[in-house]
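Here is a short tour of one model, written for someone who likes to know the cut-offs behind each value.

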Amino acid sequence: MFWPPVVLLTAALAFSLVDFDRFHHLVSAANQWILTHFDWLFSYASFAAVLLIGWVAISPLGAVRIGGPEAKPILNRWNWFSITLCTTIAIGILFWGSAEPMFHIKAPPPYAHINPYTEDASTFAISSMFMHWTITPYAIYTVPALAFALAHYNLGRPYSLSGPLSLVFGRAATGKAGAVIDAVGLYALVAGVAASLGAGVMTLSGGLEAIAGIYDTTLLRFVVTLLIVALFVASSISGLQRGIKVLSDFNTKFFFVLIVFVFIAGPTLDILALGAQSLGEYVVTFIPRSLALGERAGADWTRDWTVFYFANWLAWAPVTALFLGRIAVGYTVREFILFNLVAPALFGGVWMAVFGGASIGVDASEHHALVAALEDRGPEAVIYSLFNALPASAIVMMLFVGLTFISFVTAMDSNTHSITSVCLKNIKPGEKRPRAERWVKIFWGALIGAVAFIMTSTTGIDGVRMLSNLGGLPGLFILIAMGAVIVTMRVNWLREIRAAAQPASAEKPAGEEVAVK
C-alpha cells in the first residue's frame with residue numbers, strides 16, 4: 001500500500017515540472033469529469049451519512065463501548081474533543097471563515113434569484129457556510145471512524161482501511177485487495193491534505209504581506225511550506241502525548257479566545273441577528289441543499305462550492321478515520337457521535353456565524369473593503385482586512401498567523417501518524433516502533449509539501465479545488481463501503497460486538513494505545 005500512491009503522486013509531480021501546461025490541462029479535464037459524472041453521488045452519499053449516524057445514535061449499537069466493557073479511555077474528554085477538532089478542521093475555518101461569505105454576497109448563484117449585497121444574500125451566505133462546515137462534514141468523518149473503531153477494537157480487525165471492510169466483503173477485502181484499498185485511501189488523504197496545506201500556505205503568505213509588507217511571492221510560499229512540513233513532521237515523531245496533545249489543547253483554547261474577541265469587537269448585534277436568521281434558513285433548506293434538488297442540480301455554484309467541500313472532507317475522511325477511531329477507545333458509540341459530530345459541528349457553526357457575520361457587517365460599513373481585498377489580493381487577504389477594522393489589529397494579525405501555522409501542524413501530526421501506521425502494517429499496539437517509521441513520516445511530509453507547493457504556486461485557489469476533487473472521488477467510495485460496514489454491524493454483528501472484549505481478556509499494552517482482544 002506504500003508504493004502505488006507514491007509512484008502516482010511522484011509521477012504527477014515530475015510531469016508538472018516537465019510540462020506544466022499539459023499537466024494542468026489533464027488535471028483540469030479529470031476534475032471536470034469527476035464533477036460532471038459524480039456530483040450527484042457526492043451529495044447523496046453525504047446526506048446518507050447524516051441519516052446513518054442518526055440511526056446508529058438511537059439504536060442499541062449506540063450503547064456499545066468501543067474496546068469492550070472494561071476498556072479504559074486513553075484521553076480525557078477535553079483532550080479528546082480538542083484533538084478531534086484540530087485534526088478535522090485543519091486550516092479550513094481560518095481560511096474560509098471570512099473569505100467564503102464575500103464570494104456569496106457579491107455573486108449569489110443564479111438559481112437563488114437574489115441580488116448581491118442584500119440581506120437575502122447575507123442570509124444565503126451564512127446558511128451556506130452552515131451547510132459546508134457543520135453536520136454533514138462531520139457525519140462524513142464519523143461514519144468511517146466509527147466503523148474502524150468497532151472493527152479494530154471490538155472485532156479484532158487489522159489497523160487498516162481494509163480491516164472493517166472485510167466484515168462486508170470477506171476475503172475480497174484482504175490480502176492484495178486490502179492493500180489496494182489502503183493505497184487508495186492514502187492517495188485520497190495526500191491529495192486532500194495537500195489541498196488544505198495549500199490554503200494554509202496562502203493564508204500565511206497573505207498574513208506576512210499584511211503585517212510585514214513582505215510581498216507574496218513563489219519563494220515566500222516555498223519557505224512557508226517548508227516550515228510547516230518541518231514542524232508537523234517533528235511533532236509527529238515526538239509522539240501523541242508530547243506532540244498533538246499539547247498543540248491541540250493550546251489551539252482549541254486559542255480558537256475560543258479568537259471567537260470571543262471578534263464577537264465583542266465586531267458588529268455584535270448584526271452577528272447575532274444574521275446568525276439566527278441564517279440558522280433558520282439552513283434548517284428549512286437542509287434537505288434540498290443536501291440532495292441538490294431543483295435548480296441546484298447541476299449548477300456551477302453547487303459544484304464549485306458544496307461538492308468541492310464534500311470532496312475535501314471525503315479526501316481526508318478515510319485515513320483520518322483510523323486516528324479518530326484509535327483515540328476513541330473506552331467510550332461508548334453515543335459518546336463517539338457526540339464528540340466526533342455534535343460538538344465539532346456546533347463549534348463550526350459558531351465560528352462561521354461569528355467570523356462570517358463580522359465580515360459581512362464590516363464589509364457593508366467599510367464600503368465593501370473586504371470584497372475589494374478578495375478581488376485585488378485573493379481570498380487569503382480577506383481575514384486580514386477584517387482584522388484591520390477591529391481594535392489592536394496588528395497584534396491580532398500576528399497571533400492569527402501563529403495560530404494558522406500551529407493549526408495545520410496539529411492536524412497533520414495526527415494524519416502523519418495514521419499514514420505511517422498503514423504503511424507499516426505489521427506494527428501492533430504495544431510493540432516497539434521501528435526506526436523506519438521516522439523516515440516514512442519524513443517522506444510523506446515532504447511529498448505532501450511538494451504537491452501543495454506546486455499547485456498553489458502555479459494555480460492558486462483553483463489548484464486547491466482540483467486537489468480536493470481528485471482526492472474526494474476515491475474517498476467517496478470508501479465512505480459508501482464504510483456505511484455498509486456499520487449497517488452490517490448493526491444487523492449481523494451486534495451480539496458479537498457486545499460479547500467481545502470481556503473483562504477476563506482485556507489488557508492494556510505498554511504502548512500509548514489500548515488494545516482489547
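A cavity is a set of points, on a 1 Å grid over the protein atoms alone, where a 1.4 Å probe fits but cannot get out. A search of the whole structure on these terms turns up two cavities of 30 Å³ or more, a volume being the space filled by probe spheres set on the points, with grid points joined across faces, edges and corners. Please keep in mind that this is a predicted model, where local features need pLDDT of at least 70 and side-chain atom pairs count only at pLDDT 80 or more, while totals for chains, interfaces and linings use all residues. Residues are numbered from 1 along each chain as its sequence is written, and side-chain values use heavy atoms, leaving out hydrogens and water.

**The second largest cavity**

- The second largest cavity holds about 70 Å³ of space.
- Its lining (residues with an atom within 4 Å of a point) consists of Y111, M131, R289, A292, R296, W301, T302 and T306.
- Helix α13 (residues 300-326) gives the most to this lining, with three residues; helices here are DSSP runs of H or I, at least four residues, numbered from the N terminus.
- Sorted by class, the lining has four nonpolar, two polar and two charged residues (Ala, Val, Leu, Ile, Met, Phe, Trp, Tyr, Cys and Pro count as nonpolar, Asp, Glu, Lys and Arg as charged, and the others, Gly among them, as polar).

**Helices α2 and α6**

- Helix α2 (residues 20-58) packs with helix α6 (residues 135-154) at an angle of about 65°, and their axes are 8 Å apart; axes are lines fitted to C-alpha atoms over the stretch in contact, and angles run from 0 to 180 degrees between N-to-C directions.
- In this contact (heavy atoms within 4.5 Å), α2 supplies S46, A49, V50, L52, I53 and V56, and α6 supplies I135, T136, A139, I140, T142, V143 and L146.
- The residues of the α2 and α6 contact comprise 10 nonpolar, three polar and no charged.

**Two buried residues**

- T252 sits in helix α10 (residues 244-265) and is buried, at a relative accessible area of 0% (buried means under 20%, with a 1.4 Å probe and protein chains only).
- Beyond its neighbours within four places in sequence, T252 is in contact with W78, F81, S82, L85 and C86.
- A481 belongs to helix α19 (residues 461-499) and is also buried, with a relative accessible area of 12%.
- A481 and V168 lie 313 residues apart in sequence and 8.4 Å apart in space, C-alpha to C-alpha.
- Leaving out neighbours within four places in sequence, A481 is in contact with L165 and F169.

Notes
1 Å grid on protein atoms, 1.4 Å probe; cavity = no way out; pocket = protein on both sides within 12 Å on 5 of 7 lines; lining within 4 Å. Buried < 20%, exposed > 50% of the residue type's maximum accessible area, 1.4 Å probe, protein only.
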